[in-house]
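Reader: I have a model open and would like to go through its ligands with you. Could we begin once it is on the screen?

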Amino acid sequence: MPAIVIVGAQWGDEGKGKATDQLGSRVDHVVKFNGGNNAGHTVVIGEEKYALHLLPSGILTPGVVPVIGNGVVVDLSVLFDEIDALEARGVDTSRLVLSANAHLIAPYNRVLDKVGERFLGSRRIGTTGRGIGPTYADKMNRVGIRVQDLFDEKILLQKVESALELKNQMLTKVYNRRAVEPGEILDELLPFADRVRPMVADTSLLLEEALDAGSTVLLEAGQATLLDVDHGTYPFVTSSSATSGGACTGSGIPPTRIDRVAAIIKAYTTRVGEGPFPTELHDAAGEHLRQTGSEFGTTTGRPRRCGWFDAVIGRYATRVNGVTDFVLTKLDVLTGLDTVPVCVAYEVDGERMDEMPMTQTDFHHAVPIYEHLPGWDEDITGARTIEDLPGNARAYVSRLEEMIGRPISVVGVGPDRDASVVVRDLL
Ligand code: GDP
Ligand code: IMO
Ligand code: MG
C-alpha cells in the first residue's frame, strides 16, 4: 500500500490526528500537505495528551519521517516553539523534513488576518487569526516568501520589499496601522535560517524516492472538505485545498500514486467559526454534544458549534475526495440518547434535495430532513470488535454507511490511541 490520504469529511476536528497517529507505527512517512498552525490535532497516548498544530501527527511515532510539504504555510516561531515543547517532553523531532517550497507566514500577514476580520465586521469568517489567508493570498499573488528564501539574504530583502509595497499602503491607509520596515521582517526571519537549514529538502523528490523504495506514505490533511477553498462553504472556508486533490498539489506526489483515501467523519457534526451549518443545534441537545464530546477548539479554545450527523455532507465528501474508507469517530459521545436524529436530505424553499445544493444561497436555506434512529445506553468505550457494540449502535453505523455510500472501516469509541473498532484495515 504505497500512499494513503487522510482527509476530514466535515468542518474539521473529526479526529484526523488520532487516526494518523494510530497508523503511525505502520507507515514510513507522514506528510502534512495543506494549512498551517490553524489546525489543532489532539492525540492521546496513555496518560499523555499532545496538541499538535503545525507538525504532522506522525511526529509522535518513533521512526516515522514527518514531512511538511510545499502546500503548507509555515510560521517559523510556532514551528520551533512546537518542536521545543515536544523535545522537552521526550519526543524526538530530529527526522522532521521541511519543503524548500513551503511558504512562510510573515508577521505582517498575522496582522492583516486580524485587522481584515475586524474590518469585515458582521461578515467576518471567524478565522483563527494565524495569518493563514493572507499568506495563501500572497502565494497566489506571487509575492510570497518561501522557506528557501531564508538562504539568500539579498533575495529575501527584495521579496519582502516587494510584498510590503502594497501592504504598507493597505496597513496605513485602509487599516490605520503603522507601516512595516523590511528590515524588521528580516530581523525576525533570518535568525531561524541556521536552524531551518538541516531540515530543508526537495520533499517531492524525497517522497518519490521513498515510494519507489516501497515505503508507505500517509498524507494528512488539515481542516476538512467543507473548509476547502474550492469545494467548501465559500467564503466561510480556509484558504487551502483540504480535499484529497490537495494531497497531490501540496506534496508533489502525483494522483496515480494514491491508492486509498480515508475520510474521517464524526458521528455528529461540529463547526468552528462562521458560516452555514444546516443541522446546528441551538438547544440543550447541542450543549449536551458540546459537553459530552469536549467540543472546544484545540487552537483557539472557542466552543465548537454542534449538530446532528448530516449524510448529505457525508455523500458530498465521498464524491469530492474519492473516499475509499470512512473512519467514524466519537460514536461513544452519542451513548445515552433515546433516539439519534440523522439528516438524510434537505428541504430548500419547499423542495427536497438529496445532494449538496449547487449555490450557497440554497445551502443557507437548507432545512434538514431527519430520520430518527434508536439510541443505546451501554458504555461502548471498551468495544474493540463490531460484535462488542450494542445492536442499536451497530445499526447506526450500518445506516450511516448506506447513506454515505462507502464502508465505515474504523469506528472510534474514545480518545485513546487504541479506542477503536477496526472492521477493515486501512493499510
Ligand atoms: P482533528 O483536528 O481532526 O485532528 O481533531 P481534533 O483533535 O481537533 O478533535 C478531535 C477530538 O476528539 C480530540 O480531542 C480527540 O482526542 C478526540 N477524539 C478522537 N476520536 C475520538 C473518539 O472516537 N471518541 C472520543 N470520545 N473522542 C475522540
Ligand atoms: P483541524 O485541522 C476547524 C476554520 C476557522 C474559520 C475558517 C478560516 O483542526 O480540523 P483560517 O484561520 O484557516 O483562515 O480560518 O476555518 N478552521 C478550522 N476549523 N478545524 C480546523 O483545523 C480549522 N482550521 C481552520 O475556524 O472558520
Ligand atoms: Mg482540530
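Reader: Which atom of ligand 2 does the backbone of glycine 40 approach, and at what distance?

Author: An oxygen atom of ligand 2 lies 2.9 Å from a backbone N or O atom of glycine 40. Such a polar contact is a pair of N or O atoms within 3.5 Å; within protein, one must be able to donate a hydrogen and the other to accept it, and residues adjacent in sequence count only if both atoms are side-chain atoms. This is a predicted model, where local features need pLDDT of at least 70, side-chain atom pairs count only at pLDDT 80 or more, and totals for chains, interfaces and linings use all residues. Residues are numbered from 1 along each chain as written, chains are lettered from A and ligands numbered from 1 in written order, and side-chain values use heavy atoms, without hydrogens and water.

Reader: What do threonine 238 and valine 272 contribute at ligand 2?

Author: Threonine 238 has a polar side-chain atom 2.6 Å from an oxygen atom of ligand 2. Valine 272 has a polar backbone atom 3.1 Å from an oxygen atom of ligand 2.

Reader: Which residues come nearest to ligand 2?

Author: Of the 20 residues around ligand 2, the nearest are Lys16, Asn38, Thr128, Gln223 and Thr238; a residue counts as near if one of its heavy atoms lies within 4 Å. By class, six are nonpolar, 11 polar and three charged.

Reader: Where is glutamine 223, and what is its phi?

Author: Glutamine 223 is in the loop between E10 and H9. Its phi is positive, about 55 degrees, although the residue is not a glycine. Proline 235 is found in the loop between strand E10 (217-220) and helix H9 (244-249), and the peptide bond from tyrosine 234 to proline 235 is cis, with omega near 5 degrees. Helices (at least four residues, H or I) and strands (at least two, E) are DSSP runs numbered from the N terminus.

Reader: Turning to ligand 1, which polar contacts does it make?

Author: Among them, an oxygen atom of ligand 1 is 2.7 Å from a backbone N or O atom of lysine 16, and one is 2.9 Å from a polar backbone atom of glycine 15. A side-chain N or O atom of arginine 304 is 3.2 Å from an oxygen atom of ligand 1. The protein buries 92% of the 580 Å² that ligand 1 exposes when taken alone.

Methods: Accessible areas come from the Shrake-Rupley method with a 1.4 Å probe; for residues, only the protein chains shown count as cover. Ala, Val, Leu, Ile, Met, Phe, Trp, Tyr, Cys and Pro count as nonpolar, Asp, Glu, Lys and Arg as charged, and the others, Gly among them, as polar.
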